[in-house]
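Me: Please examine the structure shown below and answer some questions on its side-chain contacts, salt bridges and surface.

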Amino acid sequence: MAYPVFDLHCDTADRIGWATLDLDLRFTAGTDGYFPGDETHPQDFDLIEGNACAISLAKIGNTPWAQCFATFVPDEIPTAHAARFQAQIMAHMSGQAMLNHDRMVNVRSAADIRPALKDGKVACIHTIENATFFAEDPALIEVLKSLGVLMSSLSWNAQGPRNASARFRPHRG
């Protein structure tokens, strides 16, 4: 048996799901593809089975694999639309896992990972990169958890939560 791999991050979910986003979300994000140029060859960035991204089922082969598929939420997406953005990317990724159910499984808890690996499958773990929108609406944490998000990074490469400086000042007193 091959040793299992546990990869904590890849951009594959955004790349293969980008074309499925509502047009208003793509317009707000300011691009028709996740990376510049992706939109010129959309057939290379649509399916998990084989794609030009970092992770595909073809590249993984028969290795038991736990993959954190991150939805990167661009800073341009306002808080009011961040959960919808994430849900659409996650829905496409979940759909890809269901289409490839013989090789992949959507996991909804940490306890689901080991059985998937034992069965030689890819454990599809949904994560968020750049969850600064939690600062404006902490209730979204529970909403996204109920949808199957298991992990998130609170920031990315930005200065910090949008307009949250007044909200997150240290308490003195």
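Me: Which backbone nitrogen does the side chain of threonine 127 reach?

Reply: This is a predicted model, in which local features need pLDDT of at least 70 and side-chain atom pairs count only at pLDDT 80 or more, while totals for chains, interfaces and linings use all residues. Residues are numbered from 1 along each chain as its sequence is written, and side-chain values use heavy atoms, with hydrogens and water left out. Threonine 127 belongs to strand β4, residues 122-129 (helices, H or I, of at least four residues and strands, E, of at least two are DSSP runs, numbered from the N terminus). At 3.5 Å, its side chain reaches the backbone nitrogen of alanine 70.

Me: Is threonine 127 buried or exposed?

Reply: Buried means under 20% relative accessible area, exposed over 50%, and partly exposed in between, with a 1.4 Å probe and protein chains only. Threonine 127 has a relative accessible area of 3%, so the residue is buried.

Me: Which residue meets aspartate 38 in a salt bridge?

Reply: A salt bridge is a side-chain nitrogen of Lys or Arg within 4 Å of a carboxyl oxygen of Asp or Glu. Aspartate 38 lies in the loop between α2 (23-29) and α3 (57-60) and its partner in helix α1, so the pair ties together parts that are 23 residues apart in sequence. Both residues are buried. The N to O distance is 2.7 Å, and the partner is arginine 15.

Me: Where does leucine 8 lie?

Reply: Leucine 8 is exposed, with a relative accessible area of 55%. Its position is the loop between β1 (5-7) and α1 (12-17).

Key. A polar contact is a pair of N or O atoms within 3.5 Å; within protein, one must be able to donate a hydrogen and the other to accept it, and residues adjacent in sequence count only if both atoms are side-chain atoms.
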